[in-house]
Amino acid sequence: MDKTMIPSIKEMTGAEMVIQALKDHGVEHIFGYPGGAVLPIYDALFAAANELVHVLVRHEQGAVHAAEGYARSTGKCGVALVTSGPGATNAVTGLADALLDSIPIVVLSGQVATHLIGTDAFQECDTVGITRPCTKHNWLVKDIADLPRILHEAFQIATTGRPGPVVIDIPKDIQFKKGFYVEPGSVSHRTYKPPFEADIDAISQAVALMASAKKPIFYTGGGVINAGPAASEHLRELVELTGFPVTSTLMGLGAYPASDDKWLGMLGMHGTYEANWAMHDCDVMIGLGVRFDDRVTGRIDAFSPGSKKIHVDIDPSQINKNIRVDLPIIADAGQAIKAMIKVWKQKEYKADKKALAEWWEQIERWRAKNCLAYKQNGNGIKPQYAIDRLYELTKNRDTYITTEVGQHQMWAAQRYKFEQPNRWMTSGGLGTMGYGIPAALGVQLAHRDSLVIDIAGEGSVQMTMQEMSTAVQSNLPIKIFILNNRYLGMVRQWQQLLHGGRYSHTYSEALPDFVKMAEAFGCVGIRCDKPEDLDAAILKMIDCPKPVLFDCIVDQMENCYPMIPSGAAHNEMILCDADEEATQVSDAGKMLV
Amino acid sequence: MSTNRIERHTFAILVDNEAGVLARIVGLFSGRGYNIESLTVAEIDPSQHTSRITIVTSGTPEILEQIRAQIGRVVPVHRVVDWTVDKPSIAREMALIKVAGTGEKRVEALRIADAFRARPVDTTHTSFVFEITGSPDKINQFVDLMQPLGLVEISRTGVAAISRGPDPM
């Protein structure tokens with residue numbers, strides 16, 4: 001028998017087991033913040049400094065977002081290490097974010113010693129109780145004998161099936177206790193058996209439906225990204241094979257190259273006119289790794305009323321959750337796409353050329369609306385112009401983009417053209433302001449020589465700006481590109497459209513001098529407020545070897561269009577400010593956010 | 001399209017008996033706004049450390065489908081069965097019902113209890129505690145009849161359910 005097949009058993013402390021498990025699962029980088037209840041793990045980490053790079057963040061939320069950014073840009077599992085009590089509660093936002101966006105992360109938290117649990121001890125909180133609804137799974141380790149198994153299960157559960165965050169809460173006495181470590185692979189889970197391959201009958205039915213389609217569309221999402229780079233390659237092949245148009249959710253950008261003419265742009269609330277109209281009017285919708293989110297569907301009862309819907313998702317609970325579908329396929333999106341290609345070729349299907357040509361003609365008429373156009377009025381920088389210039393000046397480089405949440409995020413999603421998966425890191429489901437800076441740190445750590453830009457707003461940036469200090473300490477030269485309009489712009493836009501222009505608490509009366517702030521942190525600050533200076537300033541930012549905070553002063557009142565008002569259908573989009581008076585948001589619509 | 005028809009369904013959930021598993025299931029119901037009409041849980045196989053949770057819930061068919069799918073993805077869940085749609089099943093509940101009174105009312109309570117096959121498990125000169133087992137409807141009926149006869153207190157176990165015939169869940 002092969003000797004490597006026998007799992008070796010070594011005696012070590014709980015803290016050493018944690019480090020050993022990280023190494024065994026191929027972890028090279030972790031993000032964390034020490035405290036009393038994780039001191040033994042930090043001590044073990046000290047001894048492993050050559051093999052495990054630890055990035056000291058400035059707030060535990062930052063550690064989790066950084067782990068998310070790391071995971072999303074590499075396809076690997078992100079890892080964060082936090083202490084008990086406030087360390088764990090600070091991590092909660094990141095966990096909820098990773099759960100909604102299906103990002104594989106393992107968060108290790110310290111806990112007070114087992115005999116103190118339940119006594120309201122110093123820095124005690126019910127971490128598994130608090131994190132239960134915002135993790136895929138979590139554990140409190142009460143016995144050292146359970147620790148190796150739990151560590152291995154954690155990586156398996158975080159990274160397989162529909163990925164997600166997990167928490168292992170480890171009391172301090174367990175970290176000190178000695179036990180026997182077993183290697184991964186010697187553990188198989190009793191109940192957790194995620195689906196992977198698609199049912200071939202369902203795939204055959206789906207492909208037959210696709211071949212008969214007259215007005216088809218691919219609606220792709222984060223599931224394609226999560227299925228790995230090969231899934232994006234297969235998607236390209238399937239689109240090429242069928243000649244169908246393709247749109248994507250915010251989470252799926254990059255799975256299909258935005259420069260291709262089959263690409264209709266992002267769909268949904270701030271999606272393109274052509275993507276939303278094509279979704280509304282299609283006769284066969286092929287949803288791949290998507291979840292029919294409310295930002296995507298608009299009004300549910302008016303969502304693509306005439307189409308047959310194929311829905312591929314690895315999570316059975318997503319089927320028929322928001323929208324009834326005709327053909328559900330429970331599978332990894334990449335596997336399903338691969339199977340579709342195989343069946344299409346095997347059965348020598350041909351798309352209905354004539355119908356498809358008419359469909360494309362219709363799509364071209366929608367495209368001709370040029371829905372992302374904007375008016376350059378005044379002498380200031382339009383936010384759209386800033387994104388366009390940033391794109392033009394970075395597109396030929398090895399660039400990764402993260403964002404915060406708000407108007408800048410939507411402009412980036414609309415205008416920055418992603419050609420590859422894993423290049424776009426944004427908080428889609430939870431909509432977490434403050435995500436972008438720490439996520440950029442995670443990306444930069446994984447891609448030391450790449451250009452990593454956080455497209456930000458001045459509001460979001462102030463939620464996690466202390467992480468600039470992390471950037472300096474760990475020598476991570478991220479670029480924070482702020483579209484500064486002095487307003488919480490997306491909220492202000494909604495107040496304009498829904499609340500009679502009463503801008504209740506959305507104007508920032510006082511803002512830091514971002515250039516001085518950057519300098520105070522040891523970063524480089526750049527300010528630009530003239531369109532004619534913008535290119536040179538962006539190039540200066542790109543060429544700077546240090547972290548840069550770029551304060552781009554933009555038009556204060558610019559709105560993000562196109563927009564489907566809440567409670568409206570895909571074919572009721574607003575394209576510009578002039579349209580907005582014609583659109584009455586219903587009372588039911590106002591209830592939605 | 002969606003209907004507003006509310007149905008009551010009984011789910012059986014086989015889970016690993018580990019810390020927090022009940023909280024995961026209950027938290028899923030409260031977090032997603034589903035109803036729990038009754039819930040019972042106990043370990044059923046000590047050697048395998050498995051427990052069985054029986055939940056009676058109500059909702060539209062769409063919501064019930066979601067409930068089942070959401071339970072199914074909780075990590076320590078082995079199986080979920082919807083007894084209302086999957087196979088013919090039997091549902092039973094036990095209740096302890098305290099009735100206090102004297103004279104004719106007391107005699108009448110005992111007479112009705114006999115008709116329902118409820119048996120007194122505690123007796124004083126002024127009270128009975130009846131133990132009754134049956135479908136939830138039968139227990140409801142019995143409770144209604146005891147109401148004018150001096151009903152003091154009710155303790156119900158919630159529903160336990162199992163399929164008919166030789167096969168397991």
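Polar contacts come first. Between chain A and chain B there are eight residue pairs in polar contact, both residues at pLDDT 80 or more. That term means a pair of N or O atoms within 3.5 Å; within protein, one must be able to donate a hydrogen and the other to accept it, and residues adjacent in sequence count only if both atoms are side-chain atoms.

A word on the source. This is a predicted model, where local features need pLDDT of at least 70, side-chain atom pairs count only at pLDDT 80 or more, and totals for chains, interfaces and linings use all residues. Residues are numbered from 1 along each chain as its sequence is written, chains are lettered from A and ligands numbered from 1 in the order written, and side-chain values use heavy atoms, with hydrogens and water left out.

Next, salt bridges: a side-chain nitrogen of Lys or Arg within 4 Å of a carboxyl oxygen of Asp or Glu. Three of them cross between chain A and chain B. One salt bridge joins A:Arg324 to B:Glu65, at 2.9 Å from N to O.

Contact means heavy atoms within 4.5 Å. Chain A brings 20 residues to it, and chain B brings 20 residues.

Now cysteines. How many disulfides are there over all chains? Zero, taking a disulfide as two cysteine sulfur atoms within 2.5 Å. Take A:Cys134: the closest cysteine sulfur, in A:Cys125, is 11 Å away, so too far for a bond. A:Cys523 is in no disulfide either; its nearest cysteine sulfur, in A:Cys544, is 9.0 Å off.
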